[in-house]
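Biologist: Could you take me through the aromatic rings of this protein and explain the terms as you use them?

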Amino acid sequence: MHLVLFTRDLRVHDHPGLSAAGDEPTIPLFVRDDRIRARAGPHRSEALDTALASLDASLRSRGSRLVLRTGDPVACVAELVTADGVTDVHVSGDVSAFASRREQQLRDATASVGARLHVHDGVTVVPPGLITPAGKDHYRVFTPYWRRWREVLDLGAALPAPRRIETPTLGGDPVPGFVEGLAVPVAEPDARARLDELLSLREDGDFDPDRLDRADSTRLSAALHFGTLSPTDLARWALAHDDEVLRQVCWRDLDHQLLAAHPDLPRENLRERAMPWNDDPTARRRWEKGTTGIPIVDAAMRELQATGWMHNRARMVVGSFLTKTLGEHWSHGAAHFERWLIDADLANNVANWQWIAGTGTDTRPNRVLNPVRQGRRFDPDGAWVRRWVPELSAIEGRAVHEPWRVEEALRGGYPDPIIEL
């Protein structure tokens with residue numbers, strides 16, 4: 001008997017653990033860990049419910065079902081190994097300190113009852129530690145990592161989804177239902193369908209993934225976070241169709257190998273900052289609520305709270321504004337994103353916040369993004385800002401990015417900028 005412990009790999013296609021179990025009877029297990037649930041905001045909780053419902057549906061179509069339990073994953077695995085004669089346990093390796101501790105505890109627990117633990121690659125395309133620069137154990141700069149990453153890239157064929165899985169009858173929690181209206185694709189079929197949509201967008205020719213007012217970006221970060229889409233599958237698609245998406249997959253791997261090398265990255269600066277940080281709770285609250293008086297910042301923060309989604313360009317703008325313009329510590333922004341983002345992946349969230357704050361891997365740590373220029377460039381007609389900041393709906397065109405320059409009657413009570421740019 002095999003047991004597959006699902007964590008951030010909630011899919012049946014290109015799944016190393018399911019593939020390794022082969023035709024043997026298998027228990028597909030997911031454990032709701034209250035330590036993780038306590039940190040998840042409403043949008044991510046709904047997305048997880050959808051991912052679990054999708055996985056259960058895929059397993060049922062193969063004669064199996066998802067065994068869902070709540071508690072300590074290690075204790076739940078140990079109980080099933082002891083009671084149901086499990087000989088082999090499969091789990092995907094991960095990079096956080098929490099995941100590393102869980103893996104070691106699983107190793108100890110399975111060994112104590114005579115079962116074998118198999119830890120599979122699959123959360124990243126290139127496993128952390130596989131490639132290293134001369135004389136060091138990890139990369140800190142993207143370009144040399146990208147060059148080496150491309151050299152070792154060996155994607156091969158995707159692992160096929162099992163046609164049938166035999167699973168014993170076991171008790172567990174009821175699997176949640178699908179949540180409708182999520183801002184981005186999360187369920188495995190939806191994530192895979194998004195790849196076809198992206199091809200259609202590119203074939204139309206009128207395509208710009210950096211635009212805030214359009215849906216041309218991949219919007220697959222949530223599917224990668226929950227593992228409903230294999231990162232290797234996305235890399236295969238990108239290798240054939242879009243080199244920029246392949247670079248984004250590589251950035252994701254870079255962040256994961258960075259967290260693997262620096263488990264304290266969520267708390268400690270990778271690079272020290274010369275200037276002291278400000279500490280203004282009022283300014284931070286206005287940033288969180290989207291009332292800074294800077295339209296592109298406020299639109300992004302309001303969209304985040306309403307939907308759990310934020311475009312990567314907008315993340316850079318609001319991050320630069322918080323850390324470089326307001327001078328607030330990046331950890332405040334990282335914590336807010338962790339609470340509200342559907343795709344709040346620890347490695348990417350923390351590494352990206354440190355990058356924009358100038359304490360991470362950015363080779364230009366003093367760069368500052370001007371929000372007015374960013375708005376004019378990536379929301380040229382102002383349609384996206386007006387959608388999320390309706391107070392400014394009377395201001396036409398790109399003038400919406402500088403409402404302080406138009407007559408007060410058109411501003412709809414929108415506040416003056418919190419700070420002079």
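Predicted model: local features only at pLDDT ≥ 70, side-chain atom pairs only at ≥ 80, totals over all residues.

Modeller: Residues are numbered from 1 along each chain as its sequence is written, and side-chain values use heavy atoms, with hydrogens and water left out.

Biologist: How many aromatic pairs does the structure hold, and why is the pair of Phe142 and Trp146 called stacked?

Modeller: There are seven aromatic pairs. Rings of Phe, Tyr and Trp (its six-membered ring) pair if their centres lie within 6.5 Å, and planes under 30 degrees apart count as stacked, over 60 as edge-to-face and the rest as tilted. The centres of Phe142 and Trp146 are 6.0 Å apart and their planes are at 15°, so this pair is stacked.

Biologist: What makes the pair of Trp287 and Trp353 edge-to-face?

Modeller: The angle between their planes is 75°, with 5.9 Å from centre to centre. This pair links distant parts of the chain, since Trp287 lies in helix α11 and Trp353 in helix α15, 66 residues apart; helices (H or I, at least four residues) and strands (E, at least two) are DSSP runs, numbered from the N terminus.

Biologist: How do you know whether Trp287 is buried or exposed?

Modeller: Buried means under 20% relative accessible area, exposed over 50% and partly exposed in between (1.4 Å probe, protein chains only). Trp287 has 1% relative accessibility and therefore counts as buried, and Trp353, with a relative accessible area of 3%, is buried too.
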